[in-house]
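Below is a short report on a predicted model. It covers strand pairing, helix packing and backbone angles.

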Amino acid sequence: MKYVPQKINKNPFKILFKNEFKQHLKSFIWWTVIISVVMFSFIALYPLMADMINLMNAVPSEMMDAMIAITGGDLTTITGYYVMESTETLLIAGSIFAGLLGVSLINKDFNGGSSEFLYALPASKGEIWRSKLTVLFTQIFLFNLIVSLTSLAGMYIFGSGVNIGSYFAYFGLVFILQLEFAIVCFSLASAFKTKANAGVAMAIIFISFILNIIRNIITEASFIKYISPFAYVSGLVMTNGLSEVNFVLLAIGAGISIVALLFGRIKYSYIDVA
Amino acid sequence: MFPIEVINLKKMYGNTIGTLDVSFNVHEGEIVGFIGPNGAGKSTTIKAILGLIKPTSGKTTIFGVDAFKNGDIKKEVGYVPSSNALYENMTAIDNFKLVAKLKGRGMERVKDLATRLDFNVSRRVKELSFGNKKKAIIIAALMSSPKLIILDEPTSGLDPIIQQAFFDILREENARGATILLSSHILSEVQKICNKIVVIKQGKILTVEQMDTLRAKHLKEITFETNYSTSPLLLNGASNIVQQGKLYSFEYNGEIKKLMDYLSATDIFNITISDCELEKVFMHYYE
């Protein structure tokens with residue numbers, strides 16, 4: 001009589017999710033606390049910037065308009081100031097956190113030697129992969145939630161507050177940006193294991209960022225907006241709301257993420273895990 | 001349906017051979033020693049059985065189920081890998097709790113195993129010595145009373161007392177009904193505990209033998225010293241004869257009566273007769 005394994009009553013996905021979340025909790029806490037504190041500190045400095053900001057009023061309006069178009073940030077407002085300051089910290093550092101999380105979720109087991117333990121447990125590779133992917137979504141979401149709430153508190157303490165809808169629309173774009181990097185890095189690690197490492201993640205993020213700068217400087221390079229995810233995170237959303245969102249670019253980004261996930265999942269099915 | 005069935009397993013890592021053509025079965029209740037030189041394909045075969053790697057061709061099953069396609073079957077398996085594989089930033093007990101939850105079993109056996117192996121479960125795995133990490137992975141493998149136990153170099157890093165305790169535990173597991181596949185370079189442990197051996201070399205199975213048959217083939221080791229004679233030893237069934245003046249040693253697999261007749265006709269003043277160490281037999285396969 002053929003052996004038919006009895007399905008265990010426990011939910012392996014839930015158990016695996018909790019375990020994976022715990023494995024990456026320390027780095028999540030460090031990144032979230034540091035970015036939140038840095039962004040809050042920037043906002044705390046805003047009142048001290050008043051003199052400099054007044055100088056901006058002397059800048060010719062055409063030049064000011066050009067600067068706002070490039071950076072999305074109008075330094076004379078707290079939200080514009082926040083957008084200007086968030087580029088390096090929230091966008092780049094946040095994307096680095098997301099990208100590193102993406103590769104680490106797959107590769108920590110291979111680098112740390114726990115892969116033979118984990119994959120010899122009674123859970124399918126699919127369940128393991130899905131649990132790691134869910135941790136990816138959850139931690140990036142929580143990261144942005146905590147940073148956004150911390151910064152929002154700062155906006156009200158040190159400024160006159162914000163348009164809540166526009167504010168969270170901007171953070172929605174930031175979340176999607178980080179998620180796209182995280183998914184691409186996660187999928188590359190799923191396909192290529194430790195060959196897709198932290199260095200590869202950083203390279204993808206920095207190249208995307210530099211491409212976006214080039215796009216902003218050189219008119220002929222405007223096509224880069226279809227390649228670099230930084231292109232769809234416009235600071236103008238913070239001031240003007242959803243009307244500034246380029247949904248075509250978002251759709252391209254979503255498409256890239258979906259293709260990356262499918263590729264990663266298929267390759268993952270065949271990789272040797274020990 | 002066998003606890004383990006391997007059929008024409010081939011695994012290539014690019015151009016490097018893992019295994020070429022491996023086929024063998026492990027029957028229920030057996031303790032099988034899986035031996036071979038470094039790079040022979042032992043770990044590759046074990047990993048294929050457990051579904052950790054995808055075979056290039058061929059098939060492996062655990063209780064009739066392909067573990068690569070159906071991870072649920074691993075509920076019935078306790079695995080001790082050659083690497084010390086637990087989550088390093090967790091305590092040992094937290095690793096055990098993870099195993100218990102995923103296998104749907106309790107933690108009742110942990111305390112007993114930890115006591116017998118002299119192990120402190122509350123320590124963080126990364127703080128443990130190599131030997132203690134090995135104890136932890138052994139406990140994780142055996143705590144769920146699995147039907148099938150697969151061990152890859154399980155005693156490396158264990159001191160002799162703990163090794164003894166470990167083999168006692170394995171015998172008890174087998175007496176309980178567990179089937180065991182033990183891969184080891186320590187041939188004395190294979191000889192002590194296994195009732196069948198599978199020998200692999202250069203990716204292929206060389207031989208599968210029952211231990212009783214092996215013992216019968218290589219029966220006795222004899223060393224004797226004569227008073228005066230230094231003639232060459234002439235005895236049918238004697239092999240590996242070493243003569244140093246009046247001291248003779250050899251292996252014998254013929255009839256015992258003929259041996260006794262020969263010895264009684266020889267001018268002997270000192271003699272030792274013992275069972276042949278199977279290590280010597282196994283070493284032959286490593287050459």
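In which sense do S1(B) and strand S2 (residues 16-26) of chain B pair, and over how many bridges? The pairing of S1(B) with S2(B) is antiparallel and has seven bridges.

## Basis

This is a predicted model, in which local features need pLDDT of at least 70, side-chain atom pairs count only at pLDDT 80 or more, and totals for chains, interfaces and linings use all residues. Residues are numbered from 1 along each chain as its sequence is written, chains are lettered from A and ligands numbered from 1 in the order in which they are written, and side-chain values use heavy atoms, with hydrogens and water left out.

Helices (H or I, at least four residues) and strands (E, at least two) are DSSP runs, numbered from the N terminus. Two strands pair if DSSP finds at least two bridges between them.

## First strands of chain B

Strand S1 of chain B covers residues 4-13. The hairpin of S1(B) and S2(B) has two residues between the strands. There, B:Gly14 takes a positive phi near 65 degrees.

S1(B) also pairs with strand S4 (residues 57-62) of chain B. Five bridges join S1(B) and S4(B), again in the antiparallel sense.

Most residues other than glycine have a negative phi. B:Asn8 is not a glycine, yet its phi is positive, about 45 degrees. B:Asn8 lies in strand S1 of chain B. Its relative accessibility is 42%, so B:Asn8 counts as partly exposed. The cut-offs are under 20% relative accessible area for buried, over 50% for exposed, and partly exposed in between (1.4 Å probe, protein chains only).

B:Phe63 is not a glycine either, and has a positive phi of about 50 degrees. B:Phe63 sits in the loop between S4 and strand S5 (77-80) of chain B. At 5% relative accessibility, B:Phe63 counts as buried.

## A covered helix in chain B

Helix H1 of chain B spans residues 42-49. How many of its eight residues are buried? Seven are, and H1(B) is mostly covered. The buried residues include B:Lys42, B:Thr44, B:Ile46 and B:Ile49. After H1(B) comes B:Gly51, with a positive phi near 75 degrees.

## Helix packing in chain A

Helix H5 (residues 78-112) and helix H8 (residues 164-192) of chain A pack at about 30 degrees, with their axes 8 Å apart. Axes are lines fitted to C-alpha atoms, for helices over the stretch in contact, and angles run from 0 to 180 degrees between N-to-C directions. H5(A) and H8(A) are therefore roughly parallel to each other (angles under 35 degrees count as roughly parallel, over 145 as roughly antiparallel, 65 to 115 as roughly perpendicular and the rest as oblique). Their crossing is right-handed (the near helix is turned clockwise from the far one by less than a right angle). The contact of H5(A) with H8(A) has 18 nonpolar, eight polar and no charged residues. Ala, Val, Leu, Ile, Met, Phe, Trp, Tyr, Cys and Pro count as nonpolar, Asp, Glu, Lys and Arg as charged, and the others, Gly among them, as polar.

Helix H2 (residues 25-45) and helix H7 (residues 125-158) of chain A pack at about 20 degrees, with axes 9 Å apart. H2(A) and H7(A) are therefore roughly parallel. H2(A) passes H7(A) in a right-handed crossing. The contact has 16 nonpolar, six polar and no charged residues. Among them are A:Trp31 and A:Phe40 of H2(A), and A:Phe143 and A:Ile146 of H7(A).

## The four-stranded sheet of chain B

Four strands of chain B form an open antiparallel sheet in the order S11-S12-S10-S13. Strands S11 (238-244) and S13 (268-275) stand at the edges, each with a single partner strand, so one side of each is left without a neighbour in the sheet. The twist averages 15 degrees from one strand to the next.

S11(B) and strand S12 (residues 247-252) of chain B run antiparallel, joined by five bridges. B:Gln243 has B:Tyr248 in S12(B) as its bridge partner. B:Ser231 touches both B:Gln243 and B:Tyr248, not counting residues up to four places away in sequence (contact means heavy atoms within 4.5 Å). B:Ser231 is in the loop between S10 and S11 of chain B.
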